[in-house]
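Look at the structure below and keep the sequence beside it. The paragraphs that follow go through it one part at a time.

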Amino acid sequence: MEIEKKYRVKQLPSDLEQYEKKELEQGYLCTNPIVRIRRSNEDYILTYKSKFGLEDKRDKNLCIANEIEVMLGQEGYEHLRTKVDGQLITKTRYCIPLGEGLTAELDLFKGQLAGLYFVEVEFPDEETAERFTPPDWFGTDVSKDRRFKNNYLSTIDGYEKSMFD
């Protein structure tokens, strides 16, 4: 189960290069349920996400999904890459420790989405998510705003700040 919150960013942290980073490329083969492929540095992953059985959680300001990840080889990834719907998303993800075992995943988008960035935090359980206090550099909680969902972002041709205000 994936439990996460997503936020705008008030101010980018200084010295980002000190943190672990991943170069990501991802695309969607289906959006209901979500079937996604992702290249994360040299790892290739197929992900299936479903909200099935989680209907009672909709009122909480959390994104909760059943998630299954399967490792792919590069050849399988490249084959599926030709079949994605919409745009491939490319971004750099910085993994910033927050303490208490939590990590902020700061995504800085590239390509058609250059200029867009936001941060996500995954939680081990709902209780931890509900008592989470975001750091000062986090902005507004956009966990339920579809404009900040990667499967939506794969359907738009470019980023304009006014689209996200």
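Ile-68 is part of strand E5, which covers residues 63-72. The model shown here is a predicted one. Is Ile-68 buried or exposed? Its relative accessible area is 51%, and the cut-off for exposed is over 50%, so Ile-68 counts as exposed. Together with Tyr-48 and Val-70, Ile-68 makes a nonpolar surface patch of about 270 Å².

Next, consider how the strands pair. Strand E2, residues 20-31, runs antiparallel to strand E6, residues 85-99, and eight bridges join the two. One of the residues involved is Glu-23, whose bridge partner in E6 is Thr-92. E2 also pairs with strand E3, residues 34-40, again in the antiparallel sense, over seven bridges. Here Gly-27 has Ile-37 of E3 as its bridge partner. E2 and E3 form a hairpin, with two residues between them. In a regular strand, side chains alternate between the two faces of the sheet.

Leu-80 lies in helix H1, residues 74-81. Leaving out residues up to four places away in sequence, Leu-80 touches Leu-29, Ile-37, Leu-46 and Leu-72. Leu-46 is 34 residues from Leu-80 along the chain, yet their C-alpha atoms are separated by 9.4 Å.

Now turn to the nonpolar cores. The largest has 18 residues, and those that touch the most other members are Ile-96, Leu-106, Val-119, Phe-123, Phe-132, Trp-137 and Phe-138. Strands E1 (2-9), E6, E7 (102-109) and E8 (117-122) each supply at least two residues of this core. Apart from it lies another core, of 13 residues, which includes Ile-89, Phe-109, Leu-113 and Leu-116.

Which residues is Phe-138 in contact with, leaving aside its neighbours within four places in sequence? They are Tyr-7, Arg-8, Lys-10, Leu-98, Ala-104, Val-119, Val-121 and Phe-132.

The last stop is Asn-150, in helix H3, residues 150-153.

Conventions:
Residues are numbered from 1 along each chain as its sequence is written. This is a predicted model: local features need pLDDT of at least 70, side-chain atom pairs count only at pLDDT 80 or more; totals for chains, interfaces and linings use all residues. Side-chain values use heavy atoms; hydrogens and water are left out. Two strands pair if DSSP finds at least two bridges between them. Helices (H or I, at least four residues) and strands (E, at least two) are DSSP runs, numbered from the N terminus. A nonpolar core is a set of buried Ala, Val, Leu, Ile, Met, Phe, Trp, Tyr and Cys residues joined through side-chain atoms within 4.5 Å. Buried means under 20% relative accessible area, exposed over 50%, partly exposed in between (1.4 Å probe, protein chains only). Contact means heavy atoms within 4.5 Å. Patches are made of residues with over 30% relative accessible area and no salt bridge: like charges are joined within 9 Å, nonpolar side chains (Val, Leu, Ile, Met, Phe, Trp, Tyr) within 5 Å. Accessible areas come from the Shrake-Rupley method with a 1.4 Å probe; for residues, only the protein chains shown count as cover. A salt bridge is a side-chain nitrogen of Lys or Arg within 4 Å of a carboxyl oxygen of Asp or Glu.
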